[in-house]
Amino acid sequence: MSNEIEAIKDPGLPAHVHRKADHDPVAAKRAERQVAILFGISSLGTLLLIASFFIPDDIFIFVPVMGNQNAHQLGLGLGMAISLFFIGMGAIHWAKTLMPDQEVIAHRHEFRSPDSDRKEFVDAVKEGAQASGLGRRSLIKRSLGAALGLSALSPILLLRDLGPLPGNDLKETSWKAGTYLVTDPGNRRIKASDLEVGAVAQVLPETSDPEHRKLNDIAKDALLLIRLRPEEFNLDAERLSWTHEGIIAFSKICSHMGCAVALYEQQTKHLLCPCHQSTFDVTRAAKVIFGPAARPLPQLNITVDEEGYLIARTPFTEPVGPSFWGRNS
Amino acid sequence: MTTEHRLGQVANYVDERTGAAAWMKKNLQKVFPDHWSFLLGEVALYSFVILLLSGTYLTFWFDPSMKEVIYEGSYEPLEGVKMSAAYASALHISFEVRGGLLMRQIHHWAALIFMAAIVAHLMRVFFTGAFRKPREGNWIIGVGLLTLGIVEGFLGYSLPDDLLSGTGIRIAEAIIQAIPVVGSYLSYFAFGGAFPGEAFIPRIYTVHVLLLPGAFLALITAHLMMVWYQKHTQFPGPGRTEKNVVGYPLMPVYMAKAGGFFFIVFGVIAFISAVASINPIWLYGPYTPGQISAGSQPDWYMGWLDGLVRMSPPIETYFFGYTISWNILIPGLIIPGILFTGMALYPFIESWITGDKREHHLLDRPRNAPNRTALGAMSITFMIVALINGGNDLIATHFDLSINQIMWGTRFGIIILPPIAFVVTKRLCLSLQRADRELVLHGRETGRLLRLPSGEFVEVHEPISPEKAYLLTSHEQAPALELPAVDGRGVKRAGAIRNKLRSRMSVAHSEAVPKVSADDLKEIESH
Amino acid sequence: MKRLSRYRRHKAAGPALLIFALLAIGTTFNVASAQTAAQTTTADRSALIEEGRQIFLKGCSSCHGLNSEGGAIAPSLVGVGAASVDFQVGTGRMPMADMSTQAMRKEPLYTPEETAALAAYVASLAPGPEIPTEEQLNYERDGSTAEGGELFRNNCAMCHNFAGQGGALTQGKYAPTLMGIEPKHIYEAMVTGPQSMPVFSDKTITPEEKMSIIKWIKHAESEPNLGGASLGRVGPVTEGLLAWTLGLGILIGVAVWLAMKAR
């Protein structure tokens with residue numbers, strides 16, 4: 001359409017409008033003073049920065065809206081901010097008011113090289129390629145390809161020791177038959193009678209060196225202990241046998257992406273993972289009732305020993321934590 | 001000896017060794033067009049410089065080691081607590097190094113503003129069509145910078161090994177682990193064994209302070225060299241053509257303005273770092289996999305990813321002893337992969353639709369490219385809905401809503417709202433084009449009423465200036481592509497389906513309100 | 001007297017007499033009732049329980065049943081103990097005004113004396129958690145801030161957030177903020193597990209550990225925000241909002257000014 005119909009003509013750059021400082025020396029001097037004042041404020045900022053460095057860092061002052069602020073920190077930060085900001089303001093104001101603001105026109109040249117250059121380039125490449133002989137000498141080409149390809153394998157090989165192979169690691173935890181449940185922190189054994197109905201406890205397996213637990217172990221062993229009334233459970237006979245007098249144990253590591261699912265709602269008997277809001281129903285063996293998690297939390301089979309302390313009857317019957325390719329459902 | 005003489009001596013020294021005068025003479029006079037929106041990229045560039053400076057400062061005290069230590073510093077509530085050396089050193093920087101907390105905050109605020117500026121700059125480039133030939137390569141570099149920025153930021157805030165960022169690493173590990181076939185191997189290689197291990201923080205430290213900054217420097221240099229060499233685009237207007245650049249020379253105006261703007265960016269970041277606390281790691285506590293805080297989110301530029309993961313339906317498939325976690329792969333890898341690939345390839349997609357292979361140096365006013373603007377609005381809507389879901393627990397507590405409501409709302413919203421945004425934006429653009437047309441034809445409504453001798457009331461319209469008329473009509477309105485499905489002899493062409501799709505998209509893309517021509521104006525004047 | 005009676009028809013006489021009468025009655029009443037708010041002895045205890053029962057019948061039985069047996073909309077109070085009552089009534093949660101998602105903390109309806117009476121009555125129904133003693137609340141002396149922080153992050157942060165600012169539960173429920181709460185109420189909440197909150201038995205979190213938790217919470221409350229204003233202590237969401245609004249906002253403002261023509 002625009003090809004056939006005549007477009008409105010370009011009137012060209014509008015006439016230049018002069019600024020006050022361009023023709024009035026008093027205004028120019030005033031602009032110069034303004035720039036100098038801005039740079040001066042910057043210097044004051046630097047002085048504040050230097051002075052604040054020596055303020056003891058336990059003095060707090062009250063600032064409206066912000067509350068009690070550390071004077072040393074605030075002084076350092078504001079001093080730095082002022083010293084930098086006003087250099088910028090000064091430079092920009094100088095450019096705007098005093099430097100020439102006459103618009104300049106530059107021309108764009110076409111990027112495409114002239115045909116003669118392009119021909120010479122193509123010729124140079126062709127000549128070079130011919131001279132290398134790569135095109136004719138296919139034996140060189142093939143052996144070069146093989147050599148380069150093989151040599152690329154060596155850095156990959158050298159990275160092998162970045163880590164061990166997972167093996168069965170993802171499928172095992174420290175929980176074995178007879179492992180005692182202990183509080184986290186505190187490492188105290190737990191009796192069934194220690195928990196009231198509606199209580200929750202953070203639990204780890206008992207270890208010989210509780211002061212030096214490894215985070216790698218906690219990442220798979222962390223357990224939640226919850227006590228309900230036995231009649232509140234909605235479990236099949238087998239899972240019910242894994243509980244003890246209304247106490248049920250679940251892996252605390254979310255089956256979705258591994259966050260700690262520790263948020264227990266006592267009235268609804270739901271566990272909520274704060275990362276992505278997966279919700280698990282404790283009465284139905286942590287079945288997922290909302291959110292992106294696809295599997296319930298693994299339940300640990302627990303019982304008590306002769307003295308009434310809670311122990312694991314068996315290890316976990318499935319891997320804990322997030323899914324992986326080799327996870328059999 | 002005068003300053004001029006001394007400077008002359010220096011210039012002579014350099015020129016005799018490098019021949020610099022030849023190429024400096026041209027570049028000192030280089031012209032840059034002036035528009036505030038062209039400074040968004042500068043905000044990103046200067047934030048990057050500030051990140052380099054503040055980051056280097058931090059490396060003098062930070063210890064990227066996961067060895068367990070007992071805290072013995074001055075922050076009482078963590079006295080005697082077991083933590084990694086990395087966390088302890090970050091606490092040391094915050095409490096014992098004078099200026100340390102300020103530098104930590106400058107580094108983190110600069111990172112947030114760096115990413116925000118990149119996104120704002122990307123939106124400006126997209127909506128004005130600055131990615132068209134010859135700048136497609138620069139666009140791809142830009143998308144690359146965005147992606148690397150997201151990764152770099154994530155690695156950066158994970159270095160102090162606090163409870164919040166450690167949770168983020170746990171989630172990242174779960175994404176890696178979920179990759180079919182090789183997931184657990186990749187995870188064990190990345191972490192040096194089981195999660196969390198002791199290798200991850202030192203390794204991401206190398207990536208964060210060496211590999212990625214190196215990549216950034218290379219890409220940013222290429223990005224700026226292209227802008228320099230291809231010259232910056234400019235908005236249309238009187239005196240501006242595809243063959244010129246109208247603006248101000250590098251020396252002295254741009255040196256002062258752009259140089260000054262660096263100090264402004266640094267000053268504003270320092271100001272925010274002085275008055276607003278960020279990443280208070282001493283309150284989060286050290287990372288341990290058995291703990292979690294309510295309201296755990298990644299930094300904003302990953303919030304949309306978190307939101308997508310949260311709203312995902314709980315789908316996993318199991319077969320022959322294997323598991324595929326679609327609930328992690330789709331929102332965590334597949335959708336972001338599609339989005340970013342689409343974004344990177346967009347210049348080529350658009351030129352395929354329009355068939356336009358010419359150079360473009362004049363920008364589009366967004367209203368004059370309604371399809372593209374609507375597409376951009378649609379993408380932004382998608383991202384914002386995902387971002388909202390990423391913060392659904394905070395929104396719920398703050399506004400008395402329920403996370404379940406918000407989750408369902410965003411599950412539906414992310415499918416329904418983007419198309420609605422597309423249609424609304426496209427109609428808005430066409431309305432604005434219509435308004436422009438009215439303005440050119442009939443002039444500006446002054447609001448003054450005039451009573452004619454005949455008794456009729458008319459509103460006085462003031463004709464717009466020729467400069468404004470030119471601005472409103474100088475854009476191109478290319479017709480839709482004509483791709484016949486059959487050739488001269490009635491035989492169906494090869495690629496007919498592709499052509500049909502291309503035709504349809506071309507028609508949609510070229511929908512516009514016809515602009516005013518000189519003939520239309522003459523017609524009006526004759527009334 | 002004769003002197004005064006000269007003014008008996010003064011226009012200010014009526015109001016003055018009224019004010020005098022009110023002051024007299026008020027003061028007398030205060031003096032008289034102050035005597036009954038003395039230390040409760042065993043004899044007073046049954047009087048307290050009876051007072052509690054009267055308040056209960058008037059203000060609580062409509063939901064909780066005439067014998068505290070509970071009903072469709074309210075649980076039984078038998079065995080919840082004095083601590084539950086002291087917490088729920090003392091924080092104003094009970095009587096519950098808005099029957100939607102959960103009871104909110106609000107201005108208590110009953111005075112501390114009435115609350116004590118209610119607590120005594122409910123405690124008399126069956127044994128239950130008791131109001132913590134001063135010994136159990138001496139957290140300044142017996143608690144450890146650092147240990148309290150560890151315990152808090154393990155047991156409380158997942159609902160109440162790392163700094164005790166509160167957090168979201170499902171279906172619109174929430175764990176409230178722990179800032180500005182009386183130490184007594186914090187202790188009672190841990191022991192009784194109000195509403196969605198689970199019970200933290202004294203065997204799994206010992207009374208000393210509970211004191212440490214309270215000490216840490218109080219420390220977090222009084223700790224000034226280091227590094228600037230706090231943005232709510234809720235993490236990256238508010239930080240991102242500030243970066244886009246204040247950060248980019250100021251920078252775009254300066255950019256607009258930079259590109260504008262000077263006058």
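Let's start in chain B, with two helices that pack against each other: H12, residues 300-311, and H13, residues 326-354. This is a predicted model, and in it the two helices meet at an angle of about 130 degrees, with their axes 9 Å apart. That makes H12(B) oblique to H13(B). If you like to think about handedness, the crossing of this pair is right-handed.

So which residues of H12(B) and H13(B) meet? On the H12(B) side you'll find B:Trp304, B:Leu305, B:Leu308 and B:Val309. Facing them from H13(B) are B:Pro331, B:Gly332, B:Ile335, B:Pro336, B:Leu339 and B:Phe340. Sorted by class, the residues of this contact are nine nonpolar, one polar and no charged.

Now let's look across chains. Helix H5 of chain B, residues 100-127, packs with helix H12 of chain C, residues 236-259.

H5(B) brings B:Trp109, B:Leu112, B:Ile113, B:Ala116, B:Ala117, B:Val119 and B:Ala120. H12(C) answers with C:Glu239, C:Gly240, C:Leu242, C:Ala243, C:Trp244, C:Gly247, C:Leu248 and C:Leu251. By class, that contact has 12 nonpolar residues, two polar and one charged.

Let's move to chain A for something covalent. As a reminder, a disulfide is a covalent bond between the sulfur atoms of two cysteines. The link of A:Cys259 and A:Cys275 is left-handed, with -95 degrees about the S-S bond.

And where do these cysteines sit? A:Cys259 is in the loop between strands S7 (247-251) and S8 (263-265) of chain A, while A:Cys275 is in the loop between strands S9 (270-272) and S10 (279-281), so the pair ties together parts that are 16 residues apart in sequence.

Last, a word on confidence. The model scores ipTM 0.93 and pTM 0.92. For chain C, the mean pLDDT is 89, and 95% of its residues reach 70 or more.

Key
Residues are numbered from 1 along each chain as its sequence is written. Chains are lettered from A and ligands numbered from 1 in the order in which they are written. This is a predicted model: local features need pLDDT of at least 70, side-chain atom pairs count only at pLDDT 80 or more; totals for chains, interfaces and linings use all residues. Side-chain values use heavy atoms; hydrogens and water are left out. Axes are lines fitted to C-alpha atoms, for helices over the stretch in contact, and angles run from 0 to 180 degrees between N-to-C directions. Helices (H or I, at least four residues) and strands (E, at least two) are DSSP runs, numbered from the N terminus. Angles under 35 degrees count as roughly parallel, over 145 as roughly antiparallel, 65 to 115 as roughly perpendicular and the rest as oblique. A crossing is left-handed if the near helix is turned anticlockwise from the far one by less than a right angle, and right-handed if clockwise. Contact means heavy atoms within 4.5 Å. Ala, Val, Leu, Ile, Met, Phe, Trp, Tyr, Cys and Pro count as nonpolar, Asp, Glu, Lys and Arg as charged, and the others, Gly among them, as polar. pLDDT is the predictor's confidence in each residue, from 0 to 100. A disulfide is a pair of cysteine sulfur atoms within 2.5 Å.
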